[in-house]
Amino acid sequence: MNTPPPRAGAERTDGSSVQIGALVPLTRPGWVEAGRHLLAGLELAAREVNDAGGIAGRPLELVVRDTAADPQKAAAAVDELASLGVAALAGEYHSVVARAAAARADALGLPFLCSSAVLDALTEQPTEWVARLAPAQSHGWQIYADFLLDAGHSRIAVAAEPSVYWASGARVLRDHLAPRGGTVIELDMRALAPTAVCDELVDNRATALLLLVGNPEPAVSIVKSVRSDQRLAGVMIGAPAGQPEFAEWTALLGDDGAPIPFLRYLPERLSPLGARVEAALRERLAEAPSFVAFEGYDTVAVLADVLRSHGPGRARIAESWPRVAVEGTRGQIRFSRTPGISVWQWAWAPIQVVDRDPAEPDRFRILHTG
């Protein structure tokens, strides 16, 4: 594991604000609603840090850059933020984008605490510079696979688009389900229209369909097609990546979008800290905060604790990952080396499989926990 020195003269030592670069998808084709929640959490925590005196009397400043779900744009933003002298990077929602940012941060010797991306191979080689709060995809999606089996589903179709993230998710499901009698049938959405998915589900006798596709399209069109096909009345639709978490899903699909199980990373009951942050995020967002907003808050909470304890030097921040012990909104956060994971990992954030209650779509039902 190489630990290259930071660029000479890159870090700010002039006594001004302590800067953290924040990578967030704020424009299409990025998942804008997820980006808005992530930024709300980052900003709320930064405000609270400053209300409590900042970092040794210096204000904490977020320098926000829109990644727009573009890996190249994210890598360029990392270069820019490194040259501006940020002490560390935070954020990013999309796994493929976070992977590009992590590779660049590793090359530059810039600490990066990734908030939300789950792809196991966030970097090609083990690195000391990158840590992550979100559970690895292999961990979370195995829990989702257990939920499918417990619910009686053994013939599972996945409507998939080409992506490292979707391919990785399909592989996790297949590897976990096959020894337990489950079958994964892949439907290539490059070749199929949403309406053609229905015939494939009938022909393959699938009892569940998982959406491993972009949001809102083609996910919304696939749901509408399946829900309107009377032959598929008993087919469960699932979305492990969490598309139904956000209000846009209900706005676009109405009742059709309700009973679709997905993964989210929250405890069954929030701690007093989590409840306080939930109320503040709800006020900031003017809606219920998603788990992504909590991930944003926890990211800044961890970085602020590290900065207070170890100072803003990049190498010292990276060296501190194994010593982190921070009470976050969803439990105590500690980082460790986890087999098969190339970055410092919180093992693990709480994981639930939930859906929206058809009788009350604003209410989530917990179906399974891991």
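Predicted model: local features only at pLDDT ≥ 70, side-chain atom pairs only at ≥ 80, totals over all residues.
Leaving aside residues up to four places away in sequence, Trp-141 touches Tyr-165, Trp-166, Gly-169, Ala-170, Val-172, Leu-173, Leu-212, Pro-240, Ala-241 and Leu-263. Trp-141 also belongs to the largest nonpolar core, which has 102 residues. Within that core, the residues with the most contacts are Trp-141 together with Leu-60, Leu-210, Trp-321 and Phe-335. The element that gives the most to this core is helix H10, residues 291-310, with 12 residues. There is also a second, separate core of 25 residues, and Cys-198, Val-220, Val-235 and Ile-260 are included in it.

I turn now to helix packing. Two packed helices are described by the angle between their axes and by the distance between those axes. Consider helix H4, residues 137-150, and helix H5, residues 164-177: their axes come within 9 Å and cross at roughly 50°. H4 is therefore oblique to H5, and the crossing of the two is right-handed. On the H4 side, the contact is made by Gln-137, Ser-138, Trp-141, Gln-142, Ala-145, Asp-146 and Leu-149. On the H5 side, the contributors are Tyr-165, Trp-166, Ser-168, Gly-169, Ala-170, Val-172, Leu-173, His-176 and Leu-177. Sorted by class, the residues joining H4 with H5 are nine nonpolar, six polar and one charged.

The next pair is helix H6, residues 194-203, and helix H7. How far apart are the axes of H6 and H7, and at what angle do these helices pack? The axes lie 8 Å apart, and the angle is about 50°. H6 and H7 are therefore oblique to each other, and H6 passes H7 in a right-handed crossing. From H6, the contact draws on Pro-194, Thr-195, Cys-198 and Leu-201; from H7, it draws on Ser-221, Ile-222, Ser-225 and Val-226. This contact of H6 with H7 has five nonpolar residues, three polar residues and no charged ones. Cys-198, a contact residue of H6, is also included in the second core.

Finally, some points on the backbone. Most residues other than glycine have a negative phi, and most peptide bonds are trans.

The peptide bond from Arg-28 to Pro-29 is cis, with omega near 5°. Pro-29 is found in the loop between strand E1, residues 18-24, and helix H1, residues 32-51. Glu-217 and Pro-218 are likewise joined by a cis peptide bond, with omega about 5°. Pro-218 lies in the loop that runs between strand E8, residues 208-212, and helix H7, residues 219-227.

The other two concern phi. Ala-68 is not a glycine, yet its phi is positive, near 55°. Its position is the loop between strand E2, residues 60-66, and helix H2, residues 71-84. Is Ala-68 buried or exposed? With a relative accessibility of 8%, Ala-68 counts as buried, because the cut-off for that class is under 20%. Glu-92, again not a glycine, has a positive phi of about 70°. Glu-92 sits in the loop between strand E3, residues 88-91, and helix H3, residues 95-108. Its relative accessibility is 0%, so Glu-92 also counts as buried.

Notes:
Residues numbered from 1 in each chain as written. Heavy atoms only, no water. Axes fitted to C-alpha atoms, helices over the stretch in contact; angles between N-to-C directions. Helix = DSSP H or I, 4+ residues; strand = E, 2+ residues; numbered from the N terminus. Parallel < 35°, antiparallel > 145°, perpendicular 65-115°, else oblique. Left-handed = near helix turned anticlockwise from the far one by under 90°. Contact = heavy atoms within 4.5 Å. Nonpolar A, V, L, I, M, F, W, Y, C, P; charged D, E, K, R; others polar. Core = buried A, V, L, I, M, F, W, Y, C linked by side-chain atoms within 4.5 Å. Buried < 20%, exposed > 50% of the residue type's maximum accessible area, 1.4 Å probe, protein only.
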